[in-house]
Amino acid sequence: MSVLASWLASAPPDAAIEIAADHVSVAVVSERGQGLAVQGYAVEPLPAGAVVASLISPNILNRTAVVTALRNALERAGARPRRVALIIPDLAAKVSLVRFETTPARREDLDQLVRWQVKKASPFPLEEASVTFSSGVRGADGSAEFLVVTARRDIIAEYEAVCDELRVYAGLVDLATLSVVNLFLGSNDVPAGDWLVVHLRPDYTSIVIMRGGDVIFFRNRAEGGEESIADLVHQTAMYYQDRLSGHRFARVFLGGSGRVAGAVELARRNLEERLGVSVESIDPTRTAALTDRISVTSDLMDVLAPLVGMMLRSRQERAALVSAS
């Protein structure tokens, strides 16, 4: 899955951190046998306006409040990490899918081709951006699709600076919804066929359509507009059928927390009415066990989903590096 920044060396991250618009969360996840276990976690609320995610404007507007919240969360989680995996809001980056009929063999040439393609729709100069991509669906005709994430480097640095102030090194950075998707891709139970992930946050809603292990559609909508969840679901379903040769989703997953009480349940009803399929909750405990002192609640599942997904991804990348060495 795509990444904004990754410098995985010999040491894996000690914990995962999410800086969202309304909270900061921390999870300490360790290996247990062949799986993972959540050893500790904490969530600290943020005052309104402390973090306002944007592609082109400063995101951390009250750095003192965010640093204090992270310090408190680390203490409550019992964590003293040196290296962490950092999750930032979807609205801080632009996610694109680009397709090429043929792809160059050299990585440097492919980098240039991808940058040239996304430059057309970039809201900021690519010279100021981090551009990263991962391979996706490959056609029988030799065509290839890539998932591309672009973000201004100075905006990523704002989030990293919060960690730096507490002497925590963010060696891996990714988006919240892509981290939720990694919760499934990092498990031994990747859904077959076409499946849908709907991830709600108070400031945005993101929808991802997967075909096996590949992203074939990503859409993000900031909250506050006139478009409802029902409209977003309808438009996505129409696009899926008309442009992506889709017929029916094998599974549909929903998680997160909306701006108002009952937003997730309303989204669940809209999805089930429009798609005619049962909607499953995103459950990180299928992949990572909880220690006895941690009680399972729906709010906890929403907090842990991207954190555990991020740690699963770091584990996969480290295993790939070991295999390649």
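Visitor: Is Arg-106 buried, partly exposed or exposed?
Guide: In this predicted model, Arg-106 has a relative accessibility of 47%, so Arg-106 counts as partly exposed.

Visitor: Which residue does Arg-106 meet in a salt bridge?
Guide: The side chain of Arg-106 meets that of Asp-109, at 2.9 Å from N to O. Asp-109 counts as partly exposed because its relative accessible area is 35%.

Visitor: Which residues are joined into one network with Arg-106?
Guide: Salt bridges with shared partners connect Arg-106, Glu-108 and Asp-109 in one network.

Visitor: And how many salt bridges does a search of the whole structure find?
Guide: The search finds 13 salt bridges. One of them joins Arg-63 and Glu-165, with 2.9 Å between the closest N and O atoms.

Visitor: Where do Arg-63 and Glu-165 lie?
Guide: Arg-63 lies in helix H1 (residues 63-76) and Glu-165 in helix H3 (residues 153-165), so the pair ties together parts that are 102 residues apart in sequence. Arg-63 counts as partly exposed because its relative accessibility is 40%, and Glu-165 counts as partly exposed because its value is 44%.

Visitor: What does Arg-251 form a salt bridge with?
Guide: The partner of Arg-251 is Glu-280, and the closest N and O atoms are 2.9 Å apart. This pair links distant parts of the chain, with Arg-251 in strand S13 and Glu-280 in strand S14, 29 residues apart. With a relative accessible area of 22%, Arg-251 is partly exposed.

Visitor: Changing topic to helices, how many residues does H6 have?
Guide: Helix H6 (residues 263-275) has 13 residues. From the first C-alpha to the last, H6 reaches 18 Å, close to the 18 Å expected at 1.5 Å a residue.

Visitor: Which residues of H6 are buried?
Guide: They are Ala-263, Val-264, Ala-267, Arg-268, Asn-270, Leu-271 and Leu-275. Viewed down the axis of H6, these buried residues fall within an arc of 170 degrees, so they line one face of the helix.

Visitor: What covers the buried residues of H6?
Guide: The cover includes strand S10 (194-201), helix H5 (229-243), strand S13 (251-256) and strand S14 (279-281).

Visitor: What follows H6?
Guide: Gly-276 follows H6, and the phi of Gly-276 is positive, near 65 degrees.

Visitor: On to strands. How many residues of S3 are buried?
Guide: In strand S3 (residues 23-32), 7 of the 10 residues are buried, so S3 is largely enclosed by the rest of the structure.

Visitor: Do S3 and S4 run parallel or antiparallel?
Guide: S3 and strand S4 (residues 35-45) run antiparallel and are joined by 10 bridges. Ser-30 stands opposite Ala-37 in S4. The two strands form a hairpin with 2 residues between them, and Gly-33 in the turn has a positive phi of about 65 degrees.

Visitor: How many bridges join S2 to S3?
Guide: Strand S2 (residues 15-19) is joined to S3 by 4 bridges, and the two run antiparallel. S2 and S3 form a hairpin with 3 residues between them.

Visitor: Lastly, how many aromatic pairs does a search of the whole structure find?
Guide: There are 7 aromatic pairs. Among them, Phe-133 and Phe-146 are edge-to-face, 5.8 Å centre to centre with 90 degrees between the planes. Both Phe-133 and Phe-146 are buried. Tyr-240 and Phe-249 form a stacked pair, 4.2 Å centre to centre with 20 degrees between the planes.

Definitions and conventions
Residues numbered from 1 in each chain as written. Predicted model: local features only at pLDDT ≥ 70, side-chain atom pairs only at ≥ 80, totals over all residues. Heavy atoms only, no water. Expected span 1.5 Å × (residues − 1). Buried < 20%, exposed > 50% of the residue type's maximum accessible area, 1.4 Å probe, protein only. Arc of directions from axis to C-beta. Contact = heavy atoms within 4.5 Å. Pairing = 2+ DSSP bridges. Phe/Tyr/Trp six-rings, centres within 6.5 Å; stacked < 30°, edge-to-face > 60°. Salt bridge = Lys/Arg side-chain N within 4 Å of Asp/Glu carboxyl O.
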